[in-house]
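Visitor: I am new to this structure. Could you take me through some of its parts, one question at a time?

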Amino acid sequence: MREEEMMPGQAGWRREFSEGVRDAVPIALGYFAVSFSLGIAAHMIGMTSVQGFFLSFLNNASAGEYAGISAIAEGTSLAALAVLILITNARYLLMSCALSQKLSPDVGILQRLVLAWGVTDELFGLGVSRNGYVQPSYLYGADVTALSCWAAGTVGGVIAGNVFPPDVVSALSASIFGMFLAVILPRGRKDRATLMVVLSGFGLSSFFAAAPVLNQISGNMRVILLTLVISAAAAVIKPVREEETTGAEIVQEKTAGKKTEQEKSEQKKPLQETLAARKTAGAA
């Protein structure tokens, strides 16, 4: 059936879905590479490819998934595992609420819950960048493309762990730490507060591991405690104030405006001097 022969709603749904698929292709490629490393980590704790698939299919977040893998390796209880994943992925609650404002009021609660399941940092960025209301079909197309590669990458990592020699698997397992460094370093270079939070996390985690009494706390409980303490301290000490950001932008705009006016005046000077010289010569 040609698009012009479809009902208007069907044609619009197909067009939006296709745009979502197209826009999510670069994200999907990145997701496959990242989840491949997670698949290697899943293999290291004895997971099968089927388990790896559902691990990524039900948890669309690299940090949360790696925290879950570490918790499973330590034999953490289900309650502690749930709290750990909740804290690690807490930011998606805020993203889902923000993205819900971009949906038409006609979108029902069931669709909203399905779309919230597919929210990641990158897919959230795609949704909120759309002009006007974002269509659910656009988000469906983006989710199917990106999240299928996310789950497939994990399966590929588990299979590779079963095929490659142990030395190669051990080397590949280190790539996940490079992934996390690639996430935090660019942000840390731009924002000193973020850098201090990251360094505080490294320092306090090392302190907990070396202190006589604190080293008895499990690694996952340590992550929960440090996440709550450090994030709360950062929010109190260095909160992100909207008015400060707006003020800085205004100052930058004013400075840019002054520079532009100054450049224009400097460009006019040679012309004014030439005209003045001609008038002087004519008077003489």
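Visitor: At what angle do the axes of helix H7 and H8 cross?
Guide: This is a predicted model. In it, H7 covers residues 121-128. The axes of H7 and H8 come within 11 Å, and the crossing angle is roughly 155 degrees.

Visitor: Are H7 and H8 roughly parallel or antiparallel to each other?
Guide: Angles over 145 degrees count as roughly antiparallel. The axes of H7 and H8 cross at roughly 155 degrees. The crossing is right-handed. The two helices are therefore roughly antiparallel.

Visitor: Which residues in H7 meet H8?
Guide: On the H8 side, the contact involves Tyr138, Leu139, Ala142, Asp143, Ala146 and Leu147. By class, the contact has seven nonpolar, one polar and one charged residues. From H7 come Leu123, Leu126 and Gly127.

Visitor: How far apart are the end C-alpha atoms of H8?
Guide: H8 runs over residues 136-163, which is 28 residues. At 1.5 Å a residue, H8 should span 40 Å. The model agrees, with the end C-alpha atoms apart by 40 Å.

Visitor: How many residues of H8 are buried?
Guide: Buried means under 20% relative accessible area. H8 is largely enclosed by the rest of the structure, because of its 28 residues the buried ones number 20.

Visitor: Is serine 104 buried or exposed?
Guide: Serine 104 sits in the loop between helix H5 (91-100) and helix H6 (109-117). Leaving aside neighbours within four places in sequence, serine 104 is in contact with Arg112 and Tyr133. Its relative accessible area is 19%. The cut-off is under 20%, so serine 104 is buried.

Key
Residues numbered from 1 in each chain as written. Predicted model: local features only at pLDDT ≥ 70, side-chain atom pairs only at ≥ 80, totals over all residues. Heavy atoms only, no water. Helix = DSSP H or I, 4+ residues; strand = E, 2+ residues; numbered from the N terminus. Expected span 1.5 Å × (residues − 1). Buried < 20%, exposed > 50% of the residue type's maximum accessible area, 1.4 Å probe, protein only. Contact = heavy atoms within 4.5 Å. Axes fitted to C-alpha atoms, helices over the stretch in contact; angles between N-to-C directions. Parallel < 35°, antiparallel > 145°, perpendicular 65-115°, else oblique. Left-handed = near helix turned anticlockwise from the far one by under 90°. Nonpolar A, V, L, I, M, F, W, Y, C, P; charged D, E, K, R; others polar.
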